[in-house]
Amino acid sequence: MSSIRTIISGTGSYIPENIIKNSDFVKQVFFEKDQTEIESPGEEVVRKFKDITGISERRWASDNENNADIAAIAAKRAIEDAGIDPETIDQIIVAHNYGNVLKGSIQSDTVPSMASRVKHRLGIKNNQCVPYDVLFGCPGWIQGMIQADAYIKSGLAKRCLVIGSETLSRVVDIYDRDTMIFSDGAGAAIVEANPKDDGSGIISTANMSHTEEEVDYLYYGKSNAPESNHEVKFIKMLGRKIYEYSLNYVPEAMKIALDKSGIPIESVKKVLIHQANEKMDAAIVQRFYRKYGIKINVEAVMPMSIRELGNSSVATVPTLYDMVLKDQIPDHHIEKGDILLFASVGAGMNINAFVYQQ
């Protein structure tokens, strides 16, 4: 087993400036999946949504921004933070779900790959720098980190750029209440072999996948509106199924990763989890700690950004990590030597996690 550890030497994120508040949806007409109109007053719909998800507002990309643009901005910030020459990057790994979707378009554009577009936007000329995409649902950035770690430990790469970027506002159905969950953003990290023998880096990882009935918990489907063009598809999800699935399996995957590390749970400083639903995330973390017979003050170990930023899929975890590192999340701070647990769940259905020493 390789003794090399992969460290995160720089981070960056891009949060769009366009703020969409819950109140902006009060006058929106929503329909159920069976296309019956939701007759509850808009204020009640929005209030219930906030109670369930914890989301007050979200960020959407401006009309002239696309996914590759915001991915490249986050990447540039991570490169600057690491203080490296971008020509020394061996791999560019971009996690996303829909590629570029231009404002007003119904097409998902993934040719060329998002990673190739990012390499182009960064002006990298090194032809040994390999760009490729990861389609893994919301856990895509963590999966990219796991892949980068494997390449670095094998000696096939020395330095990688891992990005999670998405513009979900381009693929939401405005007649579906779930529209209020989704947001846009990008987060990136430079990862490389740790030149020091100080214990820092990725210690252990875990993956889990269920693709029987779970494969359709998140899918591309028709609008809820009865008069809509059913040839046009939007992001759809079975919220209750995802909630139950996540509570059942994510704590288990987190435990697998931590147990493989050999680190006691008492040493975990922060849990950085995919920002999908505030109550769901809190329940996941509570169940994880209960597996060790421990009751925990969730707010002390679980920084959150979902209240203001919504669910930007693959971008939530790297963006959250970048924000905590830069003291942008109140009451949460990361110091050298801290043990962190990263985890995510999403379309596939896929789950992953890794243990990291700062």
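So, Arg159: with a relative accessible area of 17%, this residue counts as buried, where buried means under 20%, exposed means over 50%, and partly exposed is in between, using a 1.4 Å probe and protein chains only. Keep in mind that this is a predicted model, where local features need pLDDT of at least 70, side-chain atom pairs count only at pLDDT 80 or more, and totals for chains, interfaces and linings use all residues. Also, residues are numbered from 1 along each chain as its sequence is written, and side-chain values use heavy atoms, with hydrogens and water left out.

Okay, what does the side chain of Arg159 meet in a salt bridge? That's Glu192, at 2.7 Å from N to O. This pair links distant parts of the chain: Arg159 sits in strand S6 and Glu192 in strand S7, 33 residues apart. Glu192 is buried too, at 14%.

Quick word on terms. A salt bridge here is a side-chain nitrogen of Lys or Arg within 4 Å of a carboxyl oxygen of Asp or Glu. Helices (H or I, at least four residues) and strands (E, at least two) are DSSP runs, numbered from the N terminus.

How many salt bridges does that rule give? The count comes to 17.

Here's another one: Glu32 and Arg177, with their side chains meeting at 2.9 Å, N to O. These two are 145 residues apart, and both are in loops: Glu32 between strand S2 (18–21) and helix H1 (42–53), Arg177 between strand S6 (159–167) and strand S7 (184–193).

Arg117 is buried at 13%, whereas Asp109 is partly exposed at 32%. And if you look at Asp173, Asp176 and Lys236, those are linked in a network of salt bridges.

Last stop, the surface. Arg287, Arg290, Lys291 and Lys295 gather there in a patch of positive charge. A patch is made of residues with over 30% relative accessible area and no salt bridge, joining like charges within 9 Å, or nonpolar side chains (Val, Leu, Ile, Met, Phe, Trp, Tyr) within 5 Å. Where is Lys291? Find the loop between helix H6 (278–290) and helix H7 (298–301). Lys291 is partly exposed, with a relative accessible area of 42%.

Key. Accessible areas come from the Shrake-Rupley method with a 1.4 Å probe; for residues, only the protein chains shown count as cover. Lys and Arg count as positive and Asp and Glu as negative; His and the chain ends are not counted. The place of a charge is taken as NZ of Lys, CZ of Arg, CG of Asp or CD of Glu.
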